[in-house]
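Hello,

Here is the model I promised to pass on. Please open it alongside this email, and my notes follow below.

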Amino acid sequence: MEKEIRWTFRYNGNHLEDECYMQKMCRQGWAARSLTEGFWKFERCKPDEFCYRICYLRGKSRTEIEAIKKKYAARGIEFVSQYAFWAIFRSRAPFRIYAADEELAVCRKIFAPMPIGAAVGWLVVLIGVLLALYVSPWAAFLALLSAIYAGIVTYCGLSYRSLIRKLSLRTM
């Protein structure tokens with residue numbers, strides 16, 4: 001018998017919001033199976049069956065990623081899915097991937113390029129609008145795509161800035 005599947009769309013601003021969303025769905029009897037650009041795949045489970053955590057993978061080789069998976073598997077923690085530079089893990093018992101100071105360091109590392117990325121994105125939007133006005137209406141397409149990118153980076157940047165502020169207060 002196949003498991004019941006449910007798809008949702010939700011784009012969270014940071015990885016801790018993703019963890020909270022997975023926990024909320026699990027309380028309702030839906031276990032996360034994958035995430036791709038805001039599209040979540042869930043399958044039926046017992047309510048509150050799993051605890052979810054997300055591990056940051058950017059800059060890690062395949063060998064390092066496989067070592068991380070094996071390390072957690074040895075502790076009874078299941079690898080669920082990988083998306084972009086994140087890995088989702090779950091366990092039937094509560095667990096942590098990062099200590100408070102490590103979580104703060106990861107968030108700062110993630111946030112660091114976001115202000116520049118957002119600024120460049122909004123600059124390209126402006127250039128696209130000017131090109132659409134003075135050269136070709138087709139440049140509006142460039143402006144639209146750039147606005148989507150810049151909006152996402154701005155949203156995530158603001159979310160991480162807020163998260164860093166909260167985590168900084170906790171680690172003091």
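To begin with a detail, Gly76 comes after helix α2 and has a positive phi, near 80°. Helices here are DSSP runs of H or I with at least four residues, strands are runs of E with at least two, and both are numbered from the N terminus.

Before the rest, two notes on the source. This is a predicted model, in which local features need pLDDT of at least 70 and side-chain atom pairs count only at pLDDT 80 or more, while totals for chains, interfaces and linings use all residues. Residues are numbered from 1 along each chain as its sequence is written, and side-chain values use heavy atoms, with hydrogens and water left out.

**Helix α2**

Helix α2 covers residues 62-74. Its 13 residues reach 18 Å from first C-alpha to last, close to the 18 Å expected at 1.5 Å a residue (the expected span being 1.5 Å times one less than the number of residues). Ile65, Ile68, Lys69 and Tyr72 are its buried residues (buried is under 20% relative accessible area, exposed over 50%, partly exposed in between, with a 1.4 Å probe and protein chains only). Because these residues cover an arc of only 95° around the axis, they lie on the same side of α2; the arc is that of the directions from the helix axis to the C-beta atoms. Thr63, Lys70 and Ala74 are exposed on the face turned away from that buried side.

**The sheet it packs on**

The buried residues of α2 pack against β4, β5 and β6. These three strands form an open antiparallel sheet in the order β4-β6-β5 (strands pair if DSSP finds at least two bridges between them). β4 (51-56) and β5 (78-83) are the edge strands, each pairing on one side only. Six antiparallel bridges join β4 to β6 (residues 86-91), and Ile54 has Ile88 as its bridge partner in β6.

**The core**

Ile88 is also, with Tyr52, Cys55 and Phe89, among the residues with the most contacts inside the largest nonpolar core, which has 44 residues. Such a core is a set of buried Ala, Val, Leu, Ile, Met, Phe, Trp, Tyr and Cys residues joined through side-chain atoms within 4.5 Å. Helix α5 (residues 139-171) gives the largest share of this core, six residues.

Within α5 you will find Ala143, buried at a relative accessible area of 7%. Leaving aside neighbours within four places in sequence, Ala143 is in contact (heavy atoms within 4.5 Å) with Val125, Gly128 and Val129.

Best wishes
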